[in-house]
Amino acid sequence: MSIRLFSVAFLLMLTGCKRPGVTPVSTAQFSSDPTSVGIVPGQIDEASGMVDSRSMSGNLWVQQDGGSPAELALLGYDGKVKGKLGIPNAQNIDMEDMSSGPGPQANVNYIYLGDIGDNNAEYASRTVYRFPEPASLTTPIQQVERINYRYPDGPRDAEALLVDPLTRDIYIVSKRETRVRLYRLKYPQNINEVTVAEALGEIPLSVVTGAGISPDGTEILLRTYTNVYYYKRKDGQSLPDALQLQEGRTLPYRLEPQGEAVCFAKEAKGFYTLSERFNSPAVSLYYYARK
């Protein structure tokens, strides 16, 4: 379960830190006045990951935090929950983020669901579940694969997961360090043994609570409780270089009760954010259209 351990002022100080000698991000612009639709309380109170559905237009897949069932909720752009699908042979210890993209089978869109949270740094290994995106709510989730991994530098909490559509590598961003750490599970991922994730250095942010990547892999979002940061990937550039050789640009963002989920629209015409309810009466789904 996510725990909000820092004051907003402290978060702003940490997430705004800069590095000398790196390139600022420019170009893409998004609306500062997002579309907002309310969600009925009790439907999705602990949203921590989200992707735009490729199989059912007009909907998003949402996954909830640890303690909730291991399932996906189908949330319409109108804020209405259409239904839920259980994930067989999966346990929601602390599911924190999700991504979608290519996988082992050609021309199939996969959901990657990260049981990667670890508030107390107590788990020797964590798990990313991978399965083909369901075609409908009457199609059961099948072919669930477990990608088990551990960190080379000891257990740590993470709430941000990315799948690079260009390489099919899985990237995980830790949460609690003053400068968060980036890890990679290189494709093809091992589903038979516990893999040691590759440590790729730091990103000058703290309290990273979610991540999103555009379908073509050229744009990346990292979010905290207080900000959304945008990264533009150059032609031929690796995803780690895109995150580490430039400063993320702060995007328009309406402060949420405990914001964790973020994703690009499937055609990259904007991005969505969704919060855990925390102590708020209700939450809303926000959409920031590209200008």
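Tutor: Here is a look at the aromatic pairs, one after another. First, this is a predicted model, where local features need pLDDT of at least 70 and side-chain atom pairs count only at pLDDT 80 or more, while totals for chains, interfaces and linings use all residues. Residues are numbered from 1 along each chain as its sequence is written, and side-chain values use heavy atoms, with hydrogens and water left out.

Rings of Phe, Tyr and Trp (its six-membered ring) pair if their centres lie within 6.5 Å; planes under 30 degrees apart count as stacked, over 60 as edge-to-face and the rest as tilted. By that rule you get 7 aromatic pairs. Take Tyr-149 and Tyr-151: their planes stand at 90° with the ring centres 5.2 Å apart, so this pair is edge-to-face. Tyr-149 and Tyr-151 are both buried, meaning under 20% relative accessible area, with exposed over 50% and partly exposed in between (1.4 Å probe, protein chains only).

Now go to Phe-271 and Tyr-288, which are stacked, with 10° between the planes and 4.7 Å centre to centre. That pair ties together distant parts of the chain, 17 residues apart: Phe-271 belongs to strand E22 (residues 270-276) and Tyr-288 to strand E23 (residues 283-289). Strands here are DSSP runs of at least two residues (E), numbered from the N terminus.

Notes: Helix = DSSP H or I, 4+ residues; strand = E, 2+ residues; numbered from the N terminus.
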